[in-house]
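Confidence, cores, surface and salt bridges follow in turn.

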Amino acid sequence: MKTEAAATTQTIPWIVLLLGLGSYTSGGVSAVNMSIPNTLLRGTVGGEAVLSVCYNSFSLDLPVIKWQLKREKSITVVQSIGTDIIGTLRPEYRDRILVFENGTLLLHNLRLSDNGTYDVEISITDDTFTGEGSITLTVDESISRPFIHMETTSVLELSENVVLNCSHDNGTKTAYRWFKGGKLLSNKTRFVLSPDQKFLTIMRVLMADDDIYICMVENPVGNMTSLPIKLTVYRRSSLYIILSTGGIFLLITLVTICACWTPNKKKRHHHPAGNPVYRYNDYSDCLRITHTDDLLPKRTERNGINAVTSLYVLQQKEPSLDDSSSNNSIGSPESDNPPCYTSSPKLNDCLTPARSSIRST
């Protein structure tokens, strides 16, 4: 009997302990069990983001929910009891905040400043420990349709550099990819991408580079593709290659020499043999003939036939009434001079007949 009593005495404390644990468990949990389905969210400027959380508690009291945005000094986004917001919201969050009963936070009209890590705390009065968690939100701007810019779409082969620039108006955290004929391009010997891959440079263009090029821009919230652009490459002719390698300088030199060179033309006067030689002064410098009618022979018509009048007119002295004066004139010095022919009074100053070196005997 004593042995049975001692065994019963040792069993009672364990029973009491188990009953106490059961009653503690049935009365409620000691901590708020909170779960977060997604710890990383991506949002778009102007869109919305749902920071979803979920908690379990046996308490009938409303939870106290607090959301904070991590900065050098944390910023309180919202604090509420259940769905009722406590206090006044910051100006940048007014009319953009909504809190659900399970602690989920909804942000409307996202801004780039909303980017960051959000800490959440859910506490209940009857619970010993609060539930805690974090969600990271990234906010980016949607990409507008990109376009390819280049100075010209037609080039000659063996051109030194052709640069293609992929541009777009909107978009953040962008990355670029280039396609040639539908195939992805990478840094090669002649295809050089800039560090941000926004520029594609084709070194020393070949005929094989005649193709269609496309640029794709992407960021965490989407991607956009540019319209295709055609690069046309023309083949250089053999003559062009020769000229471009130095022959053009020779051609320019020859053209310049030919343009500046003029032949030296000298007038030569020929005197027919047997005719008396007259000494003429060069009247080309002292006299400019302005009237060609004085020198050119005139045509007249006689019985329908053109006749050329004489260019020079023989000037003779009028016959004298005194026969003696005419006879004396034969031996005078003036008879040594040949007759004077004149076409115009203007030539008398420059045209002077020389005295004959042969005297009559």
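Is N219 buried or exposed? N219 counts as buried, because its relative accessibility is 11%. Here buried means under 20% relative accessible area, exposed means over 50%, and partly exposed lies in between (1.4 Å probe, protein chains only). N219 sits in strand β19, which covers residues 211–219. Strands (E, at least two residues) and helices (H or I, at least four) are DSSP runs, numbered from the N terminus. Leaving out residues up to four places away in sequence, N219 touches D140, E141, I143, T172, K173 and T174. A contact here is a pair of heavy atoms within 4.5 Å.

This is a predicted model, in which local features need pLDDT of at least 70 and side-chain atom pairs count only at pLDDT 80 or more, while totals for chains, interfaces and linings use all residues. Residues are numbered from 1 along each chain as its sequence is written, and side-chain values use heavy atoms, with hydrogens and water left out. The pLDDT is the predictor's confidence in each residue, from 0 to 100. Its average over the protein chain is 74, and 60% of the residues score at least 70.

Now the overall build. The protein chain holds 3 helices and 25 strands. Of its 361 residues, 25% count as buried. Take the contacts with a separation of 6 or more: 59% of them join residues 24 or more positions apart. The chain exposes about 26,100 Å², and carbon and sulfur atoms supply 56% of that area. Accessible areas come from the Shrake-Rupley method with a 1.4 Å probe; for residues, only the protein chains shown count as cover.

Next, the interior. In soluble globular proteins, nonpolar side chains tend to be buried together. A nonpolar core is a set of buried Ala, Val, Leu, Ile, Met, Phe, Trp, Tyr and Cys residues joined through side-chain atoms within 4.5 Å. The largest one has 26 residues, and L51, W67, V77, I97, L105 and L107 touch the most other members. At least two residues of this core come from each of β3 (49–51), β5, β6 (75–81), β8 (97–99), β9 (105–107), β10 (116–123) and β11 (131–140). Apart from it lies another core of 21 residues, including I148, L164, V205 and L231.

Beyond its neighbours within four places in sequence, L107 is in contact with G47, E48, A49, L51, Y93, R96, I97, Y118 and L137.

I65 lies in strand β5. I65 counts as buried, because its relative accessibility is 1%. In sequence, I65 and I122 are 57 residues apart; in space, their C-alpha atoms are 4.7 Å apart. Contacts of I65 outside four places in sequence include V78, V99, F100, V120 and I122.

L62 falls in the loop between β4 (54–56) and β5 (64–69). L62 is exposed, because its relative accessible area is 55%. Together with I81 and I86, L62 forms a nonpolar surface patch with about 270 Å² of accessible area. Patches are made of residues with over 30% relative accessible area and no salt bridge; like charges are joined within 9 Å, and nonpolar side chains (Val, Leu, Ile, Met, Phe, Trp, Tyr) within 5 Å.

Finally, the charged pairs. A salt bridge is a side-chain nitrogen of Lys or Arg within 4 Å of a carboxyl oxygen of Asp or Glu. That rule gives 9 salt bridges. One of them joins D114 and R96, at 2.9 Å from N to O. D114 is in the loop between β9 and β10 and R96 in the loop between β7 (84–85) and β8, so this pair ties together parts 18 residues apart in sequence. Both D114 and R96 are buried.

E218 pairs with R177, their closest N and O atoms lying 3.5 Å apart. E218 is in strand β19 and R177 in strand β15 (residues 175–180), so the bridge ties together parts 41 residues apart in sequence. E218 is partly exposed, at 25% relative accessible area. R177 is partly exposed too, at 32%.

D209 and R190 form a salt bridge as well, at 2.8 Å from N to O. D209 is buried, with a relative accessible area of 1%, whereas R190 is partly exposed, with 21%.
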